[in-house]
Amino acid sequence: LPFLRVSGRSIVNESGDPVILKGVSLGGWLMVEGYMFGGRNIAEHHFRNSFEKALGKEALEEFTRNFRDSFIREDDIKAIKGWGANCVRIPFNYRLIEFEDRPYSLNEEGLSYLDRAVEWCEKHNLYCILDMHAAPGAQNDAWHSDSDGKQELFQSETNKDRYLRLWYFLADRYREVSAVAGYDVLNEPVV
């Protein structure tokens with residue numbers, strides 16, 4: 001895939017030809033949203049805490065692995081390309097790549113899912129947009145930012161620093177990957 005860039009108000013390829021991105025979002029996969037399971041609107045970490053309390057940490061880890069391995073697979077990316085799409089949006093929770101209880105840590109297992117998605121997109125000639133759907137401290141007070149009802153990203157220097165460091169890390173990690181069309185750096189922020 002050719003690298004994309006912005007020219008004025010347009011997205012263009014390396015030759016300067018306009019590119020219209022058309023596709024779908026892979027919501028619910030790397031950022032669990034309760035309503036997608038027919039349930040109520042619940043923050044991901046509340047779902048995970050309730051699951052662990054009821055069934056234990058090992059069961060939660062097994063569920064998480066099985067869910068991530070089966071909810072979206074390479075065949076899905078191939079099918080999306082077959083539908084005529086040229087892009088997928090990949091929403092993710094920052095907790096996918098940073099352990100909540102260890103700020104500035106790196107969750108290699110979680111990150112491997114993001115890497116895998118990018119690789120599949122590259123293999124099947126689909127662009128992707130990486131979307132931080134939930135940031136450290138939450139960028140709004142709603143459940144869909146994995147919030148406890150408070151927006152604390154902008155009130156905490158530590159949370160802001162963690163957020164920025166994650167994006168520096170991701171931008172550096174994927175800088176040579178033309179399949180990464182761009183970044184939705186912060187979904188639905190409220191300041």
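How many bridges join strand 5 to strand 6, and do these strands run parallel or antiparallel? The views below come from a predicted model, in which local features need pLDDT of at least 70, side-chain atom pairs count only at pLDDT 80 or more, and totals for chains, interfaces and linings use all residues. Residues are numbered from 1 along each chain as its sequence is written, and side-chain values use heavy atoms, with hydrogens and water left out.

**View A. Strand 5 pairs with strand 6.** Four bridges join strand 5 (residues 127-134) to strand 6 (residues 180-184), and the two run parallel; strands (E, at least two residues) and helices (H or I, at least four) are DSSP runs numbered from the N terminus, and pairing requires at least two DSSP bridges. Cysteine 128 has valine 180 of strand 6 as its bridge partner.

**View B. Strand 5, helix 5 and strand 6 form a β-α-β unit.** This unit, with helix 5 spanning residues 157-173, is right-handed, meaning that, with the strands pointing away from the viewer, the path from the first strand over the helix to the second runs clockwise.

**View C. The largest pocket is lined by 23 residues.** A pocket is an open set of points on a 1 Å grid over the protein atoms alone, where a 1.4 Å probe fits, with protein on both sides within 12 Å along at least five of seven lines, and lining residues have an atom within 4 Å of a point. Arg48, Leu60, Glu61, Phe99 and Asn107 lie nearest the centre of the largest pocket, and helix 2 (57-71) gives the most to its lining, with six residues.
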